[in-house]
Amino acid sequence: MTTTPTEPAPRRRTPLEDTMNPDISRRNLFRGALMLGGVVAVGGALSACTTTEPGGPQAGEGGGLLERARQQGIRVAIGNEPPYTEIAADGTVTGAEPDVLRAVCNRMGIDQVEGITTGYDSMIPGLQANRWDVIAAGLFMKQSRCAEVQYASPVIVSTESFGVAEGNPMDITTIADVLERPELRIGVVPGGFEQGILETAGVPAQQIINVTDARGGADALAANRIDAFLLPTLSLRELAGLEVTDPIEDAPSTGSSAAFRREDTDFFEAYDTELEAFKQTPEFDEILERWGFDPTVVDGVTTEELCANEG
């Protein structure tokens with residue numbers, strides 16, 4: 001996504017000045033606003049997301065990110081992959097990661113959290129280009145990502161599964177199956193953790209088929225364009241029309257949390273401290289359970305452990 005400033009010092013747009021396309025996918029950008037105590041969003045058409053160029057008010061004036069976030073709110077990159085993030089038919093933004101982020105920001109005195117949807121392969125580049133201030137989208141930790149951004153304390157720990165046709169007619173249950181059978185076509189979302197799993201395992205590029213998003217993967221499976229769709233177990237269970245295998249025994253378990261620019265140390269340290277305290281409250285458990293996650297599996301799991309994942 002590229003932007004061209006129309007003014008020397010562009011004014012930061014408010015959520016109500018932007019509109020959204022109701023046909024939302026990882027490739028379609030829209031803007032909503034997650035407000036203190038609830039979510040507010042607007043409808044309509046949006047051809048490109050509004051950004052703040054480096055050097056503008058959000059990028060370098062008026063103190064560090066923590067101070068500016070308390071005054072102006074914070075911009076967060078999200079996906080549209082339930083249960084990690086979800087965009088409802090009316091455009092409201094929710095999901096396990098945005099709900100946790102909003103609650104922690106509330107505790108930090110930040111009243112507004114503005115959601116911007118983008119593809120997983122654009123999240124870190126957009127963060128580094130100051131198009132948003134934080135990522136909260138189920139962007140799983142792995143070595144290459146952890147080298148570029150700093151992750152807060154883990155919020156979610158997840159397993160991977162294959163989405164297959166009813167009855168699993170191709171009998172696909174492991175990554176080893178894919179390696180041993182070159183005729184198999186495995187769908188992945190570009191830039192997702194699952195693409196890295198296959199590439200790290202040495203699966204040839206011609207077996208890895210890009211799909212637009214979770215719904216697009218299910219559609220490709222139904223149309224016989226792929227033989228299986230690799231995605232987090234809980235994400236696949238949100239989709240209709242396919243069977244979900246047991247968690248893949250030779251795929252790494254991983255996890256996610258909010259990710260920040262390395263230079264935003266003031267915000268990162270304050271957020272991580274508040275997140276650790278929030279994780280000890282019943283409200284944290286309620287958010288995770290509402291979205292189908294077991295909040296206890298994150299106990300004792302460290303960012304360093306999850307960042308050791310290859311890829």
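These legends walk you through several close-up views of a predicted model.

**Figure 1. The whole chain, with its confidence values.** Let's start with an overview before zooming in. The protein chain holds 12 helices and 16 strands, and 54% of its 311 residues count as buried. Among contacts with a separation of 6 or more, 73% are between residues 24 or more positions apart. The mean pLDDT of the chain is 83, with 80% of the residues at 70 or more. Please read residues 1–62 with care: pLDDT stays under 50 there. For that stretch the model has 135 contacts beyond four places in sequence.

**Figure 2. The largest nonpolar core and another core apart from it.** Which residues touch the most other members of the largest nonpolar core? They are V100, L101, F162, F267 and Y271, in a core of 54 residues. Helix α3, spanning residues 96–107, gives the most to this core, with 6 residues. Another core lies apart from it and has 18 residues, including Y120, L139, Y151 and V301. As background, nonpolar side chains in soluble globular proteins tend to be buried together.

**Figure 3. Strand β3, covered on both faces.** Here we look at β3, which runs over residues 74–78. Because 5 of its 5 residues are buried, β3 is largely enclosed by the rest of the structure. I74, V76 and I78 cover one side, R75 and A77 the other, and all of them are buried.

Figure 4. Two partners of β3 are shown here. With β6 (residues 112–117), β3 pairs in the parallel sense over 5 bridges. To get your bearings, find V76, whose bridge partner in β6 is G115. With β7 (residues 134–135), β3 is joined by 2 bridges, and these strands also run parallel. In β7, I135 stands opposite A77.

**Figure 5. S257, a buried serine in a loop.** S257 lies in the loop between β15 (254–256) and β16 (259–260). Is this serine buried or exposed? Its relative accessibility is 1%, so S257 counts as buried; the cut-off for buried is under 20%. The side chain of S257 reaches the backbone oxygen of S153 at 2.7 Å. Leaving aside residues up to four places away in sequence, S257 touches E97, I135, M141, Y151, A152, S153, P154, V155 and L275.

**Figure 6. The disulfide between C146 and C307.** How many disulfides does a search of the whole structure find? The search finds 1, and this disulfide joins C146 to C307, with an S to S distance of 1.9 Å. C146 sits in helix α5 (residues 143–146), while C307 is in the segment after α12 (303–306). The pair links distant parts of the chain, 161 residues apart. The link is left-handed, with -75 degrees about the S-S bond. Both C146 and C307 are buried.

**Figure 7. C105, another cysteine.** To finish, turn to C105. Its relative accessible area is 0%, so C105 is buried.

Conventions
Residues are numbered from 1 along each chain as its sequence is written. Side-chain values use heavy atoms; hydrogens and water are left out. A nonpolar core is a set of buried Ala, Val, Leu, Ile, Met, Phe, Trp, Tyr and Cys residues joined through side-chain atoms within 4.5 Å. Buried means under 20% relative accessible area, exposed over 50%, partly exposed in between (1.4 Å probe, protein chains only). Helices (H or I, at least four residues) and strands (E, at least two) are DSSP runs, numbered from the N terminus. A polar contact is a pair of N or O atoms within 3.5 Å; within protein, one must be able to donate a hydrogen and the other to accept it, and residues adjacent in sequence count only if both atoms are side-chain atoms. Contact means heavy atoms within 4.5 Å. Two strands pair if DSSP finds at least two bridges between them. pLDDT is the predictor's confidence in each residue, from 0 to 100. A disulfide is a pair of cysteine sulfur atoms within 2.5 Å.
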